[in-house]
Amino acid sequence: MQLVLLIRPVWRQILVEDDFRERCMTWQGKLLHIHIAPAASYEMEELAQAQLVAGRGIVGDRYYLGTGTYSARPDVREVTLIEAEVLDAIAQGEPRIPGFKAKLAPEDHRRNITTRGVPLSHLVGKRFRVGETILRAARMNVPCKYIEELLGLPGLYEGLLNRSGLNCTIEVGGVIRPGDLILPIDE
């Protein structure tokens, strides 16, 4: 009986700590690259810094300017992100099904921001900080079949399925730069 009493408080403490960990994301990531294109199908240009405007997008980008492929369709794409880990996996042909293997440069995937250490698929509906800005993750991005034609890489569409990035709104604008930390906001 005495042994149970000694273990029970520790067991309760562990449950409380596990519950806390589940409710609070404790990751920390980094912004690696920023890219924009002035219009649909134009080459992506890498920036040393970018101005994000709440409710609009990245200054100079096709969706900020209203010249993107999907600009006429109301949806959230003020800023798009993709994980460098996805690009690493595609370069290795992972997962084995579909087994698509290709080396994609940061400008090839057509997302605005390349991250490392950020669990994008876990952020839908959540707010997070990128440098001095605050973004809200609206939905996972769906790859476009056109990217295969644009890059001359048949199979890329399937290779990006379920890991094509994240579409976000900008809640607080500001300047972002490669190297900026990306951090969760506890809500």
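Reader: Which residue in β4 is the bridge partner of V53, and what makes β3 and β4 a pair of strands?

Author: In this predicted model, the bridge partner of V53 in β4 is G57. Strand β3, which covers residues 50-53, is joined to β4 by two bridges, and the two strands run antiparallel. Pairing requires at least two bridges between two strands, therefore β3 and β4 count as paired.

Reader: What makes β4 and β10 edge strands?

Author: The open sheet to which they belong has three strands, in the order β4-β3-β10, with antiparallel pairing. Within that sheet, β4 (57-58) and β10 (174-176) each pair on one side only, and this is what marks them as the edges.

Reader: How do you know that β7 and β8 form a hairpin, and which residue stands opposite V130?

Author: Strand β7 (residues 127-130) and strand β8 (residues 133-140) are antiparallel and share four bridges, with two residues between the strands. T133 in β8 stands opposite V130, and the turn contains G131, whose phi is positive at about 55°. On its pairing with β9, β8 has six bridges, again in the antiparallel sense, and there L135 has I170 of β9 as its bridge partner.

Reader: Why is strand β5 described as largely enclosed by the rest of the structure?

Author: A residue is called buried when its relative accessible area is under 20%. Five of the five residues of β5 (residues 79-83) are buried, so the strand is largely enclosed by the rest of the structure. In a regular strand the side chains alternate between the two faces of the sheet. For β5, the buried residues are V79, L81 and E83 on one side and T80 and I82 on the other, so that both faces are covered.

Reader: Which strands are joined to β5 by bridges, and in what sense do they run, parallel or antiparallel?

Author: Three bridges connect β5 with strand β9 (residues 166-172) in the antiparallel sense, and T80 has N167 as its partner there. Three bridges also connect β5 with strand β6 (residues 113-116), but here the strands run parallel, and L81 stands opposite I113.

Reader: Which helix makes a β-α-β unit with β5 and β6, and what do the buried residues of that helix pack against?

Author: The helix is α3 (residues 84-91), and the unit it makes with β5 and β6 is right-handed. The buried residues of α3 include A84, V86, L87, A89 and I90, and they pack against β1 (29-36), β5, β6 and α5 (156-160). After α3 comes G93, which has a positive phi near 75°.

Reader: Why is E148 called buried, and which backbone nitrogens lie at 3.3 Å and 3.0 Å from its side chain?

Author: E148, found in helix α4 (residues 146-151), has a relative accessibility of 12%, and therefore it counts as buried against the cut-off of under 20%. A polar atom of its side chain lies 3.3 Å from the backbone nitrogen of L156, and the backbone nitrogen of Y157 lies 3.0 Å from a polar atom of that side chain. Once neighbours within four places in sequence are left aside, the contacts of E148 include L153, P154, G155 and E158.

Reader: What is the average pLDDT of the protein, and over which residues does pLDDT stay under 50?

Author: The average pLDDT is 87, and 86% of the residues score at least 70. Over residues 1-16, however, pLDDT stays under 50, and the model has zero contacts beyond four places in sequence for them. Where pLDDT is low, the predicted coordinates should not be read in detail.

Notes: Residues are numbered from 1 along each chain as its sequence is written. This is a predicted model: local features need pLDDT of at least 70, side-chain atom pairs count only at pLDDT 80 or more; totals for chains, interfaces and linings use all residues. Side-chain values use heavy atoms; hydrogens and water are left out. Buried means under 20% relative accessible area, exposed over 50%, partly exposed in between (1.4 Å probe, protein chains only). A crossover is right-handed if, with the strands pointing away from the viewer, the path from the first strand over the helix to the second runs clockwise. Contact means heavy atoms within 4.5 Å. A polar contact is a pair of N or O atoms within 3.5 Å; within protein, one must be able to donate a hydrogen and the other to accept it, and residues adjacent in sequence count only if both atoms are side-chain atoms. pLDDT is the predictor's confidence in each residue, from 0 to 100.
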